[in-house]
Amino acid sequence: MKFTVVTILPELIEPALAAGVVGRAREAGVIAVATVNPRDFTTDRHRSVDDTPYGGGPGMVMKPEPLLAAIAAAAGEPRAHRILLTPAGAPLTQARVRELAALPEVVLVCGRYEGIDERVIELAIDEQLSIGDYVLSGGELAALVVIDAVARFVPGVLGEASSLDDESHSAGLLEYPQYTRPLRLADPAGPDRAVPEILTSGNHAAIAAWRRRQAIERTAQRRPDLFARFAPTAADRKALPPALHARTHLALVHHPVVDRTGAVITTALTNFDIHDLARSSLTYGLAGYHIVTPIASQRDKAEHIAKLWIDDAQGEHRARALALVRTADSVDTVMANLTEQHGLAPLVVATSARHESFPAAARRSPAELVAEVSLNPAPLLLLLGTGWGLADALIPSVSRVLAPIEGTSDWNHLSVRSAGAILLDRLFGR
Ligand code: 4FV
């Protein structure tokens, strides 16, 4: 594979390719790296490659003509794929790296100064890539990152191509921890640090399973964004707890809640709360929807309405949703039911429109909560408050609270049905 770097500082490229697997691959001719300098395509006696920005402002901008000529020379015919390294580009990913490695050659255009004339991008750039949300003094280091990452996928560059599959990000997961000799490492602050026994067990299947679990756990803890996109394999499913949504229960709490004055009250059950939240619960694959009220007649009403729909053959699609409905006289009763049903006490997560509620509970965004509890086999109990919200002081079992939903105005009185649907989508929506 051939890499041609368009840069006014070619001396930055050579040294980085003088050693390591990429350097050796270059010596072996498995990959080729060339540079083209726009300064060689200037026509003025100062060989200028930059000029002041139209519209004023600090710094200089790279002139279009030398760049266009240099890119054309680098791309040749048939024209190679032309990439500009810029913070404004698409984030570079392992998946894109793997795709680029399938190309016979790429041209990597490096900006300097404040950047390049926009018309060069319009006329002569096929793709813009960024190596990260920060600003470098030039694109050269980014070009070297691309060369190093892509070259690793070029056959013949890495000894064991197999190691590519195990690497971080290859399966959308972070890498598992690595160990080598010595078996026990002295730790001045405590007992020796030993290599996990599983790794010296010789049981390769168990070692592979342990490594996979480590990779999944690390990704969940450190990169909720990546974990949200992680698709477990069938084997993972066996090793991991059931999908989080399938062990999540929603509870609509009518007591203890507060009124606008903050007084603790019991609210009345409303018919469409039963239907709507049952349908949202089914849509996101929840395990159950619990209507919590200390008033027996209200519980009877809820069960009656659910039964009406469940028995009504016509409404079979509604019936599936209403079949999720349960009633309970208190949150504690729901917790006891779930502990019995799942054999594990539930993690109780509150929701609230107010930032200051449940001060003792850990605050979580939906992605953070999913990442934190996805590998914890316990059921999840999500509490929705009616009225003006849950009476936080009266529900000590809450250990986590989801950040309030924020729209675009300071008015935040979503109906509990809407808030429930939005939160479920943020937790489990694809
Ligand atoms: C960069 C990045 C980057 C911006 C102005 C070069 C510099 C200067 N490239 N990922 N981050 N480029 O900061 O790719 O022209």
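## Terms and model

Helices, which are runs of at least four residues, and strands, which are runs of at least two, are assigned by DSSP and numbered from the N terminus. The model described here is a predicted one.

## Cis peptide bonds

Most peptide bonds are trans. In this model, however, P78 is joined to E77 by a cis peptide bond, for which omega is about -15°. Another cis peptide bond links H255 to P256, and here omega is about 0°. As for its place in the chain, P256 belongs to the loop between β10 (248-253) and β11 (257-258).

## Positive phi values

Most residues other than glycine have a negative phi. R47 is not a glycine, and yet its phi is positive, at about 45°. This arginine is found in the loop that runs between β2 (32-36) and β3 (50-51), and R47 counts as partly exposed because its relative accessibility is 37%, while the partly exposed class lies between the 20% limit for buried and the 50% limit for exposed.

F358 also has a positive phi, near 50°, although F358 is a residue other than glycine. The loop that holds F358 lies between β15 (347-351) and β16 (362-364). Is F358 buried or exposed? With a relative accessible area of 5%, F358 falls under the 20% cut-off and is therefore buried.

## Aromatic rings

How many aromatic pairs does a search of the whole structure find? The search finds 1 aromatic pair, and this pair is formed by F227 and F230, whose rings are 6.0 Å apart from centre to centre.

## A nonpolar patch on the surface

On the surface, Y134, L136 and L141 form a nonpolar patch, and together these residues have about 280 Å² of accessible area. One of them, L141, lies in helix α5, which covers residues 140-151. L141 has a relative accessible area of 51%, which is over the 50% cut-off, so L141 counts as exposed.

Terms used. Residues are numbered from 1 along each chain as its sequence is written. This is a predicted model: local features need pLDDT of at least 70, side-chain atom pairs count only at pLDDT 80 or more; totals for chains, interfaces and linings use all residues. Side-chain values use heavy atoms; hydrogens and water are left out. Rings of Phe, Tyr and Trp (its six-membered ring) pair if their centres lie within 6.5 Å; planes under 30 degrees apart count as stacked, over 60 as edge-to-face and the rest as tilted. Patches are made of residues with over 30% relative accessible area and no salt bridge: like charges are joined within 9 Å, nonpolar side chains (Val, Leu, Ile, Met, Phe, Trp, Tyr) within 5 Å. Accessible areas come from the Shrake-Rupley method with a 1.4 Å probe; for residues, only the protein chains shown count as cover. A salt bridge is a side-chain nitrogen of Lys or Arg within 4 Å of a carboxyl oxygen of Asp or Glu. Buried means under 20% relative accessible area, exposed over 50%, partly exposed in between (1.4 Å probe, protein chains only).
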